[in-house]
Amino acid sequence: MEIVEPTNVYAYKLITKKDYFAPGHRACQGCAEALAVRLVAKALGRNVIVASATGCMEIISSPWPFTSWRVPWIHVAFENAAAVASGVEAGMKVLMRKGKVPKKKITFLAMAGDGGTSDIGVQALSGALERGHDFVYICYDNEAYMNTGIQRSSSTPYGASTTTSPAGKVIPGQMTWKKNMPEIAAAHSIPYVATACPSYPIDLVEKVKKAAKIKGPAYIHMLSVCPTGWRLPPELSIKAGRLAVETGVFPLYEVDHGRYRFTEKVEKLRPVEEYLKIQGRFRHLSEEMRDTIQKRVVEEYKKLVKKVQMTQGD
Amino acid sequence: MIKFTIDGVEVEAEEGQNVLQVALDNGFDIPHLCYHEALEPYGACRLCQVEITKGNRTRLTTSCNYPALEGIQVQTGTEKVIKARKMVIELLLARSPNVPVIKDLAEEYSVGTPRFTLGDDDCILCGLCERVCREIVGVEAISFLGRGSDRKVGPPLEINPQTCIGCGACAYVCPTDCIKVEENENERTIVRWGRTLPMKKCKVCGRSFAPWFQLDYFGKITEGIPSDFWDKCPDCR
């Protein structure tokens, strides 16, 4: 569905009113990740089994003796969300075949943070994608290990100051570039890969629905703005998500059976400066480093435009 | 609380809920195309048929507009139900043989090539677009036209609908994707209704973001918002 997001005001009224991720959880103020989880839960509905790796979403949604989940939910270790989800999928398939569970469409969701996906869980994820289980994997990318105290991960962008890559006299923040996880997932030639951001809720909901519908593995990379870790006022978290897309830092696209398509077309990228200046983790950046980031962002964006042109042509 | 059973499982419903709504909330799989929880049920597609036993009488009926009543027994997968559903799918497939959703349903229920004359209309007359325009948007730009086999959805007199604000809610809700929205720098077109609206450009960043007509409409129905609010795109506000 190609609907221009911000103006389709009535589509918001058509998203279900039921919440499967209950309010009252312990996320920080302005947490865009909790918002993303809520929208994903809305999109997937009632028949879903969730395997959630350790991370922010596990600790905020299940402090003993409470839970925010109104659907079956399994907490697993940092590294094996994808492995557990594929096991659950295989198990349910057998139970349905033997007639012990009534046959119906169940979505299997594995979710993890950026650490649980691109650092620790990458081999379990790669294995599950390669085996072709019918499940959805969602990576909530807040660009560092936020729940343990903002340690850098391989998803932390260049120049960001975290507690293990502090900006100071020795290094100016994170010295490596962000790992391109959606491309790694797309390289497995799986049916569906997409990037999403809760600042574009309809787009997010549609992508999750599509991912659940497609047979075979699907991977969604979700930029989840973290006001605490990004040193950002909580009221700006939605704006930061929009700026990430508008500046080209985090383009929204999908890869449907190998075909790239922009879901949110940005004709003229805004300067990256706008995105960087509202975040405290980038405030130490020198003019030179900003230029380097700007150059890299444009370069990456151009690469993506080429991929879109190449795969949409025929 | 109303208590009744679906496939032998006891479920609870609130006053005013319909059987399909309760069944979906409890994880039962009933196919449906014309039902949306935000809109009034309509009972057009007939796919959600179930067998309902009330007292001594059992009958086949659509669950989307059947109220949840105390003590009824609902069967979602009996032989009779499957047979009726197959018939409905065959008719839908004959009307719209190119729609992926219907093709998937036909595969799931192993319905082969329909015995009827094949049509080529992607619209299945579910009425969702008409209801969303009336109930949610509130402009009533489109409605059902004609009777019997000539029945279709469209703007009055099948000319450019003057009240359509080009919001695309009908395209969003359409189960078969037969309503398309095309957009370029200067105008947005809702292809099926033949409505083309010029786009307004943001005063700050210069990108076109919404049709002029739509923003005028929002200006009329909202109060206490400064008039220059509608001159900027949502990112520049």
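In this predicted model, the residues of α8(A) that are buried are A:Ser237, A:Ala240, A:Gly241, A:Arg242, A:Leu243, A:Ala244, A:Val245 and A:Glu246. Because eight of the ten residues of this helix (residues 237–246) are buried, α8(A) is largely enclosed by the rest of the structure. The cover over the buried residues of α8(A) includes α1 (32–44), β6 (218–223) and α9 (272–277) of chain A. Just after the helix, A:Gly248 adopts a positive phi of about 90°.

## The sheet of chain A

Chain A contains an open sheet of eight strands, in the order β2-β1-β3-β4-β6-β5-β7-β8, with mixed pairing. The edges are taken by β2 (73–75) and β8 (259–262) of chain A; each has a single partner strand, so one side of each is left without a neighbour in the sheet. From one strand to the next, the twist averages 15°.

Helix α3 (residues 81–97) of chain A lies across β1 (48–52), β2, β3 (107–113) and β4 (136–141) of chain A, and runs at about 170° to β3(A).

## The interface between the chains

The predictor assigns the complex an ipTM of 0.86 and a pTM of 0.90. Contact between the chains involves 23 residues of chain B and 20 residues of chain A. On the chain B side, the elements that give two or more residues are α1 (19–25), α4 (128–137), α5 (169–173), β8 (181–183) and β11 (208–211) of chain B. The largest share of that side, four residues, is supplied by α5(B). By residue class, the side of chain B that touches chain A comprises 13 nonpolar, four polar and six charged residues.

## Chain B: overall form and confidence

The secondary structure of chain B consists of six helices and eleven strands. Its C-alpha trace spans about 65 × 45 × 30 Å along the principal axes. Of the 237 residues in chain B, 36% are buried. Among contacts in chain B with a separation of 6 or more, 50% are between residues 24 or more positions apart.

The mean pLDDT of chain B is 87, and 100% of its residues reach 70 or more.

| Part of chain B | Mean pLDDT |
|---|---|
| Chain B | 87 |
| α2(B), residues 79–95, highest among the elements | 92 |
| β11(B), lowest among the elements | 81 |

The element with the lowest mean pLDDT, β11(B), is also among those that give two or more residues to the side of chain B that touches chain A.

## Domains of chain B

The domain assignment divides chain B into domain 1 (2–108) and domain 2 (128–231). Taken over C-alpha atoms, the centres of these two domains of chain B are separated by 31 Å. Their contact draws ten residues from domain 1 of chain B and eight residues from domain 2 of chain B. The domain 1 side of this contact in chain B is made up of seven nonpolar residues, two polar residues and one charged residue.

B:Cys34 is located in the loop between α1 and β3 (49–54) of chain B. Is this residue buried or exposed? B:Cys34 has 22 other C-beta atoms within 10 Å; a residue counts as buried at 20 or more, so B:Cys34 is buried. Leaving aside residues up to four places away in sequence, B:Cys34 touches B:Tyr42, B:Ala44, B:Cys45, B:Cys126, B:Gly127 and B:Leu128. With B:Leu128, the sequence separation is 94 residues, while the C-alpha to C-alpha distance from B:Cys34 is 6.2 Å.

One of the bridged positions is B:Val50, whose partner in β4(B) is B:Thr61. The two strands β3(B) and β4(B) form a hairpin with two residues between them, and B:Gly55 in the turn has a positive phi of about 65°.

How values were computed:
Residues numbered from 1 in each chain as written. Chains lettered and ligands numbered in written order. Predicted model: local features only at pLDDT ≥ 70, side-chain atom pairs only at ≥ 80, totals over all residues. Contact = placed C-beta atoms within 7 Å. Nonpolar A, V, L, I, M, F, W, Y, C, P; charged D, E, K, R; others polar. pLDDT = per-residue confidence, 0-100. Domains from an automatic or database assignment. Buried ≥ 20, exposed ≤ 12 C-beta atoms within 10 Å, placed from the backbone. Pairing = 2+ DSSP bridges. Axes fitted to C-alpha atoms, helices over the stretch in contact; angles between N-to-C directions.
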